[in-house]
Amino acid sequence: MMPAKLWFVLRRVLQVIPVVLAIAALNFLLLHLAPGDAADIIAAQSGGATPEFVAELRRSFGLDRPLYQQFLFYIARLMTFDLGWSNVQQRPVFDLIADRVPATLLLMMTGISLALLFGTLLGILAAMRHRRGIDSVVSVLALLAYATPQFWLGLMLIVLFSITLGVLPSGGMMTIGPDMSAGARALDVARHLLLPTLTLGLFYMAIYARLMRSAMLEVYTQEFITTARAKGLSEARVGLVHAASNALLPVVTLAGVQIGHLLGGSVLVETVFGWPGLGRLVFDALLQRDLNLLLGVLFVSSVLVVLINLAVDLLYGFLDPRIVHK
Amino acid sequence: MIRTAPAGLILAASFALASLSAASAQQCGKTGGTLTYVYHPEPTALSTIATSAVPVAIISTKIYESLLSYEGAALTPKPSLAESWTVSDDKKTYTFNLRRDVKWHDGKPFTAEDVAFSVEKIVRPYSSRGRVYFGDLAALETPDPYTVVFKLKDAVPFFMNVFQPGETPILPKHAFSGIDVGTAAGVRGAEIMQKPIGTGPFRLKEWRRGSHIILEKNSDYWDKGRPCLDQVVLRVLPDGAARAIAVETGEVDLSPMSGLPEAEIQRLSKLPQIVTSREGAEALGPNMWLEVNMREAPLADVKVRQAISMALDRTRIVDVIWYGQGTPGIGPIVSSSPIFFNEALKPYEYSLAKANALLDEAGYKRGANGVRFKMTQNFLPYGENWLRLAEYIRQELGKVGISVETQSLDLGGWLKAVYTDWSFNITSTFSHNYSDPSIGVERTFTSDNIKKGATFTNSMGYKNARVDELFSKVARENDPAVRKKQFDEIQQILHDELPVIFLMEMSYTHVWNKRVHGLITNGISMYSSWAGVWKE
């Protein structure tokens, strides 16, 4: 490896450390801006409690210490990769997050990949049939899917498929109770996955379809398309090979950004379908002032974003040598 | 004579048989099956020691038991872990004889040591109401492994009410070996809070966070032939409409404790397969009111508070905002209280004219813009009904010239504003009467409960020496007739002085599928063991 490249990698990796620390500090301070704490909430949920009881809770949570001490304690913990203990749920934060990651990944990955596949195809189709019937249909449907509130769509799907037709479960991730073989369990989860995926996927599909269509239309105005047509290529080949491959870039870029959101899950879809994902974990933690859990999730997701950015930067550096020397 | 005797015997014997079969029929109409109920939020622990929030109390009372169980709305004590008991004449010594055939879910025997440990080391220091229940405990003795003697400093009239499975759960002493029970962190963080070991009819089988909890039948349960059900399952569905749909389609059997949006309860109640009931929560007595910060004018003026009370139409609040799920509020003790409600109270009438007159009389004339004075209101952030209530209050008080600005905070922020900072004018909230007003009502109205940072206490800054005196006497009075008189006077004073504006007696509505039987047994039915609940 050339010294310039080595220096570049080292510099970028070292830059990550202050960024992560700054994020940790910001998270900590932001969460402390919210009034009230977990001791109050636990006492209130128990129907009220004596001040001694609340004070004891606060002491045991470490919330009675000065803010700077709590902060130093938090940073010291992070240094050893210890995400701490959830005072509300009484479990290690790491376990709580790890419990929810599979459900979130399953839902988001299925939703986004299906959306990406069908959204792109519909976008290409609409662009290739620009200003014809199919284009209008795709455009109107995409607009509708984009504008429909997810929770409403989810409920309507439940009404249709669970109540009226009675063919799909209304919520949850699996049938509770019976022991099943791995294959039966997978099928069972797939059945439960269908409606939430559809709800989530339609929204993203609309985004990708619109984006792909407009990107295609823009590419169509460029000279190399004229050249391709002049060469006598079929319209299908011009569209699918020449235009589509060039128009894919913005869609891929957007999908890349959305991978960063994956970990957050979708609070709305998870709520309507009772899907045990991360989005709801964060939402509940926020309402319950479950500080360590919130800090944990925020920290993990921000580190992930920073690392993805780092990977992309490094990749750029190797792909485009000019960046290394800037 | 010779002929009748055997006939009598036969008759007696057949009666005995009949009553026996009636008793067992009552016990389990059918055995086996799974009862699935739906609730949100998910429990954060499986012990009411960690928090006695509703979702925790529902599920952990199937796992843990206390010395007593209860029958009827007024909570008549029945045997549970204690099979019999005696109370001394001065009502200061309670002796409980424990069952000898009880085992913990891990197979170890249950003894008096567990009771003493649970009460002294866990419930009294760490349960949110432990100090109210056992503050007067002078000594707790265990003369033998199956006898527990409670010696009180003063007679406590509600002492037989405190042995509810959610309020005074008995935990296994051996599960705390090696744990520092001197700190809340040690106790709350103990493994048993997440992996319970109880004596109850059901034990934990599986907990998938965010999705469900499965309890399975305790086959070693001391009450032979029970529980009727094989499993109790909690499904966590965060969306209210989705919960209602799950009940409607029969995917779940029960939504307890007003777990559905009121509009959905109203809709479901019309379906043939659904039963809705407001019974079975009489010993909780949720009561909704507006807490009034009385520290400053104009709310320090009783006439102003009375005017506010007369400017609000309780019938509309119940019917329109709460979809009929309640009754108009009258005083601090709910009218459904089987013993303590003062029938002589006259509800404030809804009259804008009288409210206007009272405000004029108090010296708050309308200004040029029609406004007498401005104030802010907060509301309990427990969902959209509370927001709609706030909207209604703003609109209604506007009619009598009180300009109200609504402030929206989430629970953490609201608790701090109302109970720590006292930085509010009025706020909606509710409070439970519990099984005795000395447990549930006193904390809001006595002046020694004006304590910064203690939630659901006297946020109003209300001080009345007579009320203080009465509450202190009634908590030590053992003559029921005298107690009733004392509570009557308390209710009259609070009704007249209005440190809080009484709005609505809320109801906990349970919605279940007709195929489920035996749910409503007492005033804390959802916080009872469900050992006798069965499903067709």
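I am working from a predicted model, in which local features need pLDDT of at least 70 and side-chain atom pairs count only at pLDDT 80 or more, while totals for chains, interfaces and linings use all residues. Residues are numbered from 1 along each chain as its sequence is written, and chains are lettered from A and ligands numbered from 1 in the order in which they are written.

**Chain A overall.** I looked up the secondary structure and found 14 helices and 2 strands in chain A, where helices (H or I, at least four residues) and strands (E, at least two) are DSSP runs, numbered from the N terminus. The radius of gyration of chain A is 25 Å, whereas a compact globule of 326 residues would have one near 20 Å; the value is taken over C-alpha atoms, and the globule rule is 2.2 Å times the number of residues to the power 0.38. Along the principal axes, I noted that the C-alpha trace of chain A spans about 85 × 65 × 40 Å.

**Contact of A with B.** I next listed the contact, to which chain A gives 47 residues and chain B gives 51 residues, two residues being in contact if their C-beta atoms, placed from the backbone, lie within 7 Å. Among the elements giving two or more residues to the side of chain A are helix H2 (38–45), helix H5 (93–128) and helix H12 (278–287) of chain A.

**H2(A) on H12(B).** I then took one helix pair, H2(A) and helix H12 (residues 411–420) of chain B, which pack at an angle of about 85° with their axes 9 Å apart; axes are lines fitted to C-alpha atoms, for helices over the stretch in contact, and angles run from 0 to 180 degrees between N-to-C directions. H2(A) is therefore roughly perpendicular to H12(B), a term for angles of 65 to 115 degrees. From H2(A), the residues A:Asp40, A:Ile41 and A:Ala44 meet B:Leu411, B:Gly412, B:Leu415 and B:Lys416 in H12(B).

**Sheet in chain B.** I traced an open sheet of 6 strands in chain B, with mixed pairing and the order E14-E18-E13-E17-E15-E16; two strands pair if DSSP finds at least two bridges between them. Strand E14 (326–328) and strand E16 (402–407) of chain B stand at the edges with a single partner strand each, so one side of each has no neighbour in the sheet. Strand E13 (residues 286–292) and strand E18 (residues 500–506) of chain B pair in the antiparallel sense over 5 bridges, and B:Leu290 stands opposite B:Ile501 in E18(B).

How values were computed
Angles under 35 degrees count as roughly parallel, over 145 as roughly antiparallel, 65 to 115 as roughly perpendicular and the rest as oblique.
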